[in-house]
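Could you walk me through the strands of this protein and how they pair?

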Amino acid sequence: MKKGTVIVLGSATSMGVPTIGCDCTVCHSSDPRDRRTRPSVMVEWDEHRILIDSGPDFHGQAVREGIARLDAVLYTHGHADHILGLDDLRPLTYARVTGGVRLPLYARPDTALILRGVFKYIFDEDYKYGGIAKVELREISEPFNLLDLRVVPVPIMHGDAEIIGFRIGRFAYLTDFSSIPESSMEMLAGVDVVFLDALRHEPHPTHSTVANSLKIAERIGAAETYFTHVSHNLPHEATNQTLPPGVRLAYDGLRVEIDLES
């Protein structure tokens, strides 16, 4: 079985924790696990690293984790908290790092369209005022091979918008969902480690609640379930004490061993 590690770069909701201007207990917590940057994970195996989403905190996350190279970036969808770090990929696309090839970015056509629009200067390549990230967009809709891995896009519902999570071997990363279609639940059979959106306890139109994600976790039956895209409504330690065995809040810097073959 091919082994790897998933590293949580960020576990927060879109505004981050602490949230700007907030006086709540979590935003002023001394527990480092209550300091959450915008959501992203990195999968590492052998000498390879792939990123899932490049949010606005990517620079700090990369410095914290010592990221000096990447093989690819996978995008779940085109919202700001998942894409705005694309420009910070720039030093990881230098020829001395990549050997001269462009860093591939994998995204569904709708997300690729957003990336091309937001980062027009990168993809038009007529930017005159400095360097740009040397990247290549590759549109996806079906499972695909990436290096020696099989990557499976998993459709999920983010409110009324369909986006994707990813399954790689016995690991799945599903952020920013309010519900998971039955056909996608079937795609998660046999997963051992799963990350699920769990914004807060109170209902939200586009994100899962703790209660909803607990029901989904029970159906998936993974040995380890981690909740991510967490708001300042959920204190880390106090929330963990209410969760069943095998379910915990993710936190920035968390590392989990995963099986990369199904």
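Buried here means under 20% relative accessible area, exposed means over 50%, and partly exposed lies in between (1.4 Å probe, protein chains only). Helices (H or I, at least four residues) and strands (E, at least two) are DSSP runs, numbered from the N terminus. The model is predicted, so to speak of local features pLDDT of at least 70 is needed, side-chain atom pairs count only at pLDDT 80 or more, and totals for chains, interfaces and linings use all residues. Residues are numbered from 1 along each chain as its sequence is written, and side-chain values use heavy atoms, leaving out hydrogens and water.

Let's begin with strand 5 (residues 103–107). Five of its five residues are buried, so strand 5 is largely enclosed by the rest of the structure. L103, L105 and A107 point one way, while P104 and Y106 point the other way.

Next come the pairings; two strands pair if DSSP finds at least two bridges between them.

| Strands | Bridges | Sense | A partner pair |
|---|---|---|---|
| strand 4 (residues 72–74) and strand 5 | two | parallel | L74 and Y106 |

Now to an open sheet: seven strands form it in the order 7-8-9-10-11-12-13, with mixed pairing. At its edges are strand 7 (144–146) and strand 13 (247–249), each pairing on one side only.
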